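Hi there,

Here is the structure I promised to send over. Have a look at it first, and then read my notes below.

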Amino acid sequence: MGVEIRHCIETDKEILMKTVNEVYADCERHLWVKNHMRLDEKMFDDCIRSKTLFVATKNDTVVGCIISQDIGKLTREMGMLVVFPEHRRQGIGKALLNHVIDLAKNAGYLRVRLELLYAKEGEDKWKLMLRDFYESQGFKFVKYDDITKHQSSKMCDDLIVDTIYAVYEKQLVVP
C-alpha cells in the first residue's frame, strides 16, 4: 500500500507531538535551549483549526507531516517537513512536498516558499541534506532574512546560537 496524505486530526496529536519534537531535538539540538518544543499544543491546535497541518500515512499509521499555509495572494509557505526516522528513504518527504505544491498550483499560487535555519558557525549535515533535497525538487535560494520577522519572540529567545535564516522558493508559474 502507498502513502496517503490527509489533513491532520485530533487523534494524531500524541504521535505527532512526540515524534516531531524528538526529530527536531535530534536534528536541531545545537540551535535551541534544552527541551525546546518545535510543535507545542497551541501550535498543533491552531494547525488543526486552520487545516494547515497534513500527515502522511502508510497502512493507516502516521509516518510524516508538513505544514502549509498562505502568506499572501501569490505565495504558499511550507515548513516542518518531518518523516519519521523508521520511514525515511521511501519517498514520503517527496510525497508530502508534492502534495503542498499541487495544492498551491491548483489554487493559483505563483510560488511555494520555505525557510531553513542554520547555525552561523559549523557544518550542519541535516540542514545541508534538506537544502540539497529541496534544491533537487526545484527550490532556489532567494535571500537571507531576519528570523524575528517570521518567528515568535519566544521561539527566537530559545535560540542558543547565532543563526542564518535562509529563504528558498519554487516558482510554479512564470509571473
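Predicted model: local features only at pLDDT ≥ 70, side-chain atom pairs only at ≥ 80, totals over all residues.

Residues are numbered from 1 along each chain as its sequence is written, and side-chain values use heavy atoms, with hydrogens and water left out.

A word on names: helices (H or I, at least four residues) and strands (E, at least two) are DSSP runs, numbered from the N terminus. Two strands count as paired if DSSP finds at least two bridges between them.

**The sheet**

Seven strands form an open sheet with mixed pairing, in the order β1-β2-β3-β4-β5-β7-β6. β1 (3-7) and β6 (140-145) are at the edges with a single partner strand each, so one side of each has no neighbour in the sheet.

**Around β4**

Strand β4 covers residues 75-83, and eight of its nine residues are buried (under 20% relative accessible area, with exposed over 50% and partly exposed in between; 1.4 Å probe, protein chains only). β4 is antiparallel to β3 (residues 61-70), with six bridges; Q69 is paired there with E77. Four residues lie between the strands of this hairpin, and G72 has a positive phi near 150 degrees. With β5 (residues 111-119), β4 runs parallel over three bridges. β5 in turn runs antiparallel to β7, joined by nine bridges, and A119 stands opposite T163 in β7.

β4, helix α3 (residues 92-106) and β5 form a right-handed β-α-β unit. Right-handed here means that, with the strands pointing away from the viewer, the path from the first strand over the helix to the second runs clockwise.

**The cores**

A nonpolar core is a set of buried Ala, Val, Leu, Ile, Met, Phe, Trp, Tyr and Cys residues joined through side-chain atoms within 4.5 Å. The largest one has 23 residues, and those with the most contacts inside it are I66, M78, V112, L114, Y134, F139 and Y168. α3 gives the largest share, six residues. Beyond its neighbours within four places in sequence, M78 is in contact (heavy atoms within 4.5 Å) with residues including I66, L97, V100, V112 and F139. There is also a second, separate core of 18 residues, with V23, F44, V82 and F84 among them.

Best wishes
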